[in-house]
Amino acid sequence: MSRTEAPPLPEPLRVPVADAHTHLDMQDGTVEEALARAAAVNVTTVIQVGCDVKGSHWAAETAAAHASVYAAVALHPNEAPRIVHGDQGGASGGDRSRPGGREGGGAAALHEALAEIDALAALDHVRAVGETGLDYFRTGPEGMAAQEESFRAHIEIAKRHGKALVIHDREAHADVLRILADAGAPERTVFHCYSGDADMARVCADAGYFMSFAGNMTFKNAQPLRDALAVAPRELVLVETDAPFLTPAPYRGRPNAPYLIPVTLRAMAAVQGVDEDTMASAIADNTARAFDY
Ligand SMILES: [Zn+2]
Ligand SMILES: [Zn+2]
């Protein structure tokens with residue numbers, strides 16, 4: 001068994017659920033293979049998330065071609081500053097970066113990219129605008145203004161089209177919550193890869209925000225995440241892979257994919273103190289409500 005080998009298929013769920021956040025375009029193998037493996041363990045729906053203009057087009061096309069896929073479209077919080085500053089990608093985005101960034105940059109380039117996201121958000125199989133938000137881990141203070149401008153524009157696009165908003169919040173909890181409250185959050189707002197503590201979970205619950213938990217909630221050092229999940233109302237909880245990232249224990253470090261959802265879901269059921277089927281049924285209902293399918 002090598003560290004880079006794909007983990008084995010887990011035991012199938014009895015209740016079909018969705019992977020609320022994945023990046024099929026960054027995973028090995030074909031889309032069809034990924035969907036088939038997921039369906040084999042009863043992960044029957046995936047939300048494919050775009051991180052830049054190209055990836056958002058790809059997400060929309062993939063959703064159009066597969067009944068089990070819905071798309072989310074956006075400029076990732078680490079992408080917005082790159083567009084404004086005219087970078088060719090790779091400087092600050094790590095694994096999120098792609099070649100072929102636009103040339104020139106500036107506010108006009110950001111507006112042009114946002115117009116493309118706005119057009120994609122109108123499509124029927126595009127059910128969410130995201131991932132957007134703030135990332136203070138990968139982007140430093142020089143990128144904050146561009147991130148906030150982009151975040152606010154995505155909030156407007158989501159509201160204009162009546163789509164869910166998918167939030168990427170990395171080490172920026174207070175500012176994300178402040179901007180959402182200030183701009184007025186869309187009716188359906190999802191914190192992807194929820195990373196707040198129990199206090200923040202109560203704030204999200206009061207606001208009616210969905211909290212989507214990823215494989216990192218299984219990590220040994222993630223007790224604050226499990227404490228947050230323990231107090232999160234079951235009707236606001238989702239599960240996601242964020243694959244190929246955040247592979248759940250005991251497969252940490254190996255490639256992640258939607259078929260590993262059952263591993264995380266079972267850990268979530270234990271934290272919430274319910275059986276697997278109860279957890280899966282709640283998550284299935286919640287995801288359909290969040291993304292309006
Ligand atoms: Zn993210
Ligand atoms: Zn993501």
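Donors here are N, O and S atoms within 2.8 Å of the metal, and since water is not among the atoms, sites may look incomplete. With that in mind, look at the pair of zinc ions in this predicted model: ligand 2 and ligand 1 sit 3.5 Å apart, and glutamate 131 coordinates both.

**Zinc ion (ligand 2)**

- The protein supplies His21 (NE2), His23 (NE2), Glu131 (OE) and Asp242 (OD), at 2.1 to 2.5 Å from the ion.
- Along the chain, those donor residues read H-x1-H-x107-E-x110-D.
- Glutamate 131 comes from strand S4 (residues 126-135) and aspartate 242 from the loop between strand S8 (237-239) and helix H9 (261-272), so this pair ties together parts that are 111 residues apart in sequence.
- Aspartate 242 has a relative accessible area of 3%, so it's buried.

**Zinc ion (ligand 1)**

- Here the coordinating atoms belong to Glu131 (OE), His168 (ND1) and His192 (NE2), at 1.9 to 2.1 Å.
- The sequence spacing for this site is E-x36-H-x23-H.
- Glutamate 131 is in strand S4 and histidine 168 in strand S5 (residues 164-170), so these two tie together parts that are 37 residues apart in sequence.
- Histidine 168 counts as buried, because its relative accessibility is 6%.

**The bridging residue**

- Glutamate 131 is the link between the two sites, bridging the zinc ion (ligand 1) and the zinc ion (ligand 2).
- Its relative accessibility is 0%, so glutamate 131 counts as buried; the cut-off for that label is under 20%.

**Helices H9 and H10**

- On the H9 side, the contact is made by Leu265, Arg266, Met268, Ala269 and Gln272; H10 brings Glu276, Met279, Ala280 and Ile283.
- By residue type, the H9–H10 contact splits into six nonpolar, one polar and two charged.

Technical notes:
Residues numbered from 1 in each chain as written. Chains lettered and ligands numbered in written order. Predicted model: local features only at pLDDT ≥ 70, side-chain atom pairs only at ≥ 80, totals over all residues. Heavy atoms only, no water. Donors = N, O, S within 2.8 Å, 3.2 Å for Na, K, Ca; no water. Helix = DSSP H or I, 4+ residues; strand = E, 2+ residues; numbered from the N terminus. Buried < 20%, exposed > 50% of the residue type's maximum accessible area, 1.4 Å probe, protein only. Contact = heavy atoms within 4.5 Å. Nonpolar A, V, L, I, M, F, W, Y, C, P; charged D, E, K, R; others polar.
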